[in-house]
Every structure is written in C-alpha cells, then in structure tokens.
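Subject: Structure for your review

Dear colleague,

Please find below the structure that I am handing over to you. My findings follow directly after it.

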Amino acid sequence: MSADEEPTSKVKTAAPVRMAFCGFLRRGTKAEDAEITHVLPGTALGEYLRKFWQPVCLSDQLKDIAHPIRIMGEDLVAFRDLSGQVAVMHRHCAHRGASLEYGVIQEHGIRCCYHGFHYGIDGTLLEAPTEPDKGARLRKTVCQGAYPALERDGLVFSYMGPPDQQPPFELWDAFEPDGETELLPFSNVYPCNWLQILDNIADQMHTSILHQPHVLFPGEVPSDLDLEPLTLPSFGSVPVIDYFAVRNSTAMVFVAGRRTSDDLVWWRMNECALPNMTHHAYLFEDGKTRRLFHRVHMVRWYVPVDNTNSILFGWRMFGKKADPREMGRRERVGWNNMDFLDGQVGNRPDDIARRAPGDYEVIVGQRPIAIHALENPTSGDVGVYMFRRILRDAVRGTNPAADPHQMHEPLLQGRLLHTATQNTVLKIPRQADEQSDHKLIRQIGKELNQITAESDAFSGEERTRYITSRYEEIERRCANH
C-alpha cells in the first residue's frame, strides 16, 4: 500500500513494547550510514570532501625527513623541500613501490632511496639516475601522484580533488589577519569516524551535563576526582536554544541563550559549515559583561584518516581581542592536545577517563562508526540531524548551493567567507515570569541570527558596524517596553 492510499481495514492497536530487560529483543545490528560516513576514494562523500582544501598535518611535523600521513584512505607523504616548498604526494614510488617516507629531500622535491627516482613537488619525474638517458624517456609517461599543497599559520593544507576543479584556498573572516590575534595550530587524534566528532558540536545540550560532571554523581563526588578541568561553569544552565540552516543550507547555526543576571542575556552562536568545518565562539565567556558580536576563538576541520579514524586540525586564537579574559594556555596547544578542557584527547589514564569522561571518551565510545539507525532522538538533537541533512543534500547534489564551485564563488570574486559565530551579551530586562523570559530570549535569538545573515551584504568593519547597530536597536526596544 502506498503512503497516500486509504487503509481498507481498521487500524490495529500496536502491541505493547517491552521496556524492562529488553536486551534479548534489541541485540540486532544495523549498518552504519555509509552515505555520510564513508570517505574512501570513489565514495560520494569522499569525492565531495576532496573538492575542498583540507589540512593534512602541522607545519612543525615537516622536518628534514618526509612525514607519512594517511588522509581519506590514501597513504601519502608530506614534506618541505630544501627550497621551502611543501608537497603532498602518494607514499609509494611509481617505480617499484618503495615508500617515500624513506626518501631523501632535495633542493626541489624528493628522491626515492631505492633507485634514486627524483620527483618534483608536483610529482613530475626529474631524473631516473639508473637509466642511460637519466629518465628522459620515462618522464613522458611516468609521474608520482601528487596533490597541490600550501602552508598557513602552522597548518599544511592539500587539495585532493579533480585538478581542473581546484578552488582558491578558503579564506574566512574568522581567521583574517587583524594585526593582533595569533593563530596557534593544533590537532586532536580520534580512533573513530569523523562525523560523530562534528556531531558533538551540533549537540549543545551536552554542555549542561557532560561539562557539569558533578551532576552525574548520586551524592558527593569521590574525593580523588578533580572535576574542575572538565567543567565549564558558565554552561551549567540548560540554554534556550534554536537551530537554523544558513547561507542557503550550506551551514547550520545554533543560537543558545542564557540569562546571566536581571539585566543581561548571553547568546552563543556556533556554526557547523560544509563540508567538515566548525567555528567556535569564545569558550571562556561568562556572560557577565555586555558584549556585542565577539568573534571566533577556534576553527576546526574534521579530517577523515579513513572510515574509522580521524584527525581534527584547527587553530586556537590568542591575544587580548580573541581572549579578553586571558584564559588560554598556549603550552597545551599543539599535536594531539588542547587547552580549554581535559578530556579532549585520549591522554588520560583509563581509570580516570572512565570515572570522569570528557568529549573524547563519549565520542570514541559511540563505536568506530556511530550507528545512526540505533539512535532515539530527543528535542536537543535538532542541530545534529539538521547538519546531517545538510551534508546529505550536498553529497547527493540535491542542494545546488552546496556545489563546491557555488560555495567558492565569493572567494573567486575576491570576498571573504563569513561565519555567524559569535558571543553577544545584551542588556535585556528580565520578564515577569520564566516562561515569558524564555520566549523573549528565543525571539531575540532568532533576530540575532537574521541580522547576522543580512550582514553578509557587507564586509569588514562595515559588517561589524551594521550588526552592532542593529543589536543596540534591540536593546533600546526592550528597555522601552
């Protein structure tokens, strides 16, 4: 019977569902959602991701030897030749398959240790010293697989897509140089699928539980556990939250509002952007000081190593402008580390991690690939499912705006890409009752998102002035009511 046909008999009452001791009945397995989790060459998602520049390693990992990496199921090497140019190429030599992780870096390119084949950074064969003609004949038909690469602020990026579709590097306002903010590169290594790491950002309800770990204990917290490094005190209350598809459904923004006093409300807006990027508002905000359109303090890319391993690369922003409370810890930002909370990487003893888990433990613990078909969504999961839908439409090609060429169009016109990410704290008098107050917080949150979306018509300081002036209008309107 099709969905639009009328039933020909009475609807049967559903049989009672056994809830207690139901393990025997729920032991079946389901397949992972391959369409938006599998990334190997030839998969729809893998080919989509390859049409964007992706970070592949930290600059300081490129020393005097080639650095082996694995990205989206491809075994590669990255290196910086003696002239200072970075390169990313297939790991196994095109001659007989020797690994170029043992290659010898040259003034230009790299030389295989086995028979001396010398490749330029673009993979062209420069010399085959064992051949009588030194490779003049071979270089017409033999090359080493290579990808375009570049360095920026301590990260090495590579474009692994079709050569004739190479886009400009994605320049966002979030990391445009401002003469004051310093970008520190970092990575976090996860033995699981990339999407469940990004899902953790789209899910903001966990901040009022996982990041308030004392609420999980039935009584006093064991005296030998220090929960402070796992706690975000300002995120203790459940936010008034909304989720919006923005920029023609190429990104998802959540707007989380929290009242912090009788006169102040704090809205935190974070963005998950196609294909695998998030922009984060200042994590140390406490909402106790009026603040208009405070920008990004971290950018992250969720880069698949393969289907069941990932490396999160990004920049943490330092400086008075990005970190007004001076809470950041530079010494903890780098390879497989992070400074703002414990439990971001798997570097804690197992007995501590199991008793006081952080993001890393809950993300990795969802299985090597989270099984979406076994989930039971709640109202707090709207953002997770919204971004998955955005991603699925992009991979299927059902959203023309998510075509990589369309997404890069502003860059081709010489414009920066804009993120909505921000912290904003406005003077908004408390309403007479909590229900009315929450309704107002939600209403203003929607306005903030709309104003930020409209601001894409401007750039730079003009955009900031537009946004802040409109926010001030909201304050005046609320003060007069």
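Strands β1 and β11 run antiparallel and are joined by 5 bridges. Within this pairing, proline 55 has phenylalanine 157 in β11 as its bridge partner. Please bear in mind throughout that the model is predicted.

These two strands belong to an open sheet of 3 strands, arranged in the order β1-β11-β10 with antiparallel pairing. Why is one side of β1 and of β10 left without a neighbour in the sheet? Both strands stand at the edges and each has a single partner strand, so there is no neighbour on one side. From one strand to the next, the twist of this sheet averages 35°.

There is also an open sheet of 4 strands, in the order β5-β6-β7-β8, and its pairing is antiparallel. Here β5 (104-105) and β8 (125-127) are the edge strands, each of which pairs on one side only. Strand β7, residues 118-119, pairs with β8 over 2 bridges in the antiparallel sense. Histidine 118 stands opposite glutamate 127, which is in β8.

I turn next to the aromatic residues. A pair of aromatic rings is described by the distance of the centres and the angle of the planes. A search of the whole structure finds 14 aromatic pairs. One of them is formed by tryptophan 53 and phenylalanine 169, which are edge-to-face, with 6.4 Å from centre to centre and 75° between the planes. This pair links distant parts of the chain, 116 residues apart: tryptophan 53 is in strand β1 (residues 53-58), while phenylalanine 169 is in the loop between β11 (155-159) and β12 (182-190). Tryptophan 53 and phenylalanine 169 are both buried.

The rings of tyrosine 190 and tyrosine 360 form a tilted pair, because their planes lie at 35°; their centres are 5.3 Å apart. For this step you need the cut-offs: planes under 30 degrees apart count as stacked and planes over 60 as edge-to-face, with the rest counted as tilted. This pair, too, links distant parts of the chain, with tyrosine 190 in strand β12 and tyrosine 360 in helix α4 (residues 359-364), 170 residues apart. Tyrosine 190 counts as buried because its relative accessibility is 2%. Tyrosine 360 is buried as well, with a relative accessible area of 15%.

The charged end of arginine 316 is over the ring of phenylalanine 318, at 4.5 Å from its centre. Arginine 316 lies in strand β19, residues 309-318, and is buried, with a relative accessible area of 1%. Arginine 316 and leucine 184 are 132 residues apart in sequence, yet their C-alpha atoms are 5.2 Å apart in space. The charged end of arginine 388 sits over the ring of tyrosine 385, 4.9 Å from the ring centre.

Helix α2 (residues 194-202) packs against helix α5 (residues 382-396) at an angle of about 130°, and their axes are 8 Å apart. The two helices α2 and α5 are therefore oblique to each other. The crossing in which α2 passes α5 is right-handed.

With kind regards

Key. Residues are numbered from 1 along each chain as its sequence is written. This is a predicted model: local features need pLDDT of at least 70, side-chain atom pairs count only at pLDDT 80 or more; totals for chains, interfaces and linings use all residues. Side-chain values use heavy atoms; hydrogens and water are left out. Rings of Phe, Tyr and Trp (its six-membered ring) pair if their centres lie within 6.5 Å; planes under 30 degrees apart count as stacked, over 60 as edge-to-face and the rest as tilted. Buried means under 20% relative accessible area, exposed over 50%, partly exposed in between (1.4 Å probe, protein chains only). A charge sits over a ring if NZ of Lys or CZ of Arg is within 6 Å of the ring centre and within 35 degrees of the ring normal. Two strands pair if DSSP finds at least two bridges between them. Axes are lines fitted to C-alpha atoms, for helices over the stretch in contact, and angles run from 0 to 180 degrees between N-to-C directions. Angles under 35 degrees count as roughly parallel, over 145 as roughly antiparallel, 65 to 115 as roughly perpendicular and the rest as oblique. A crossing is left-handed if the near helix is turned anticlockwise from the far one by less than a right angle, and right-handed if clockwise.
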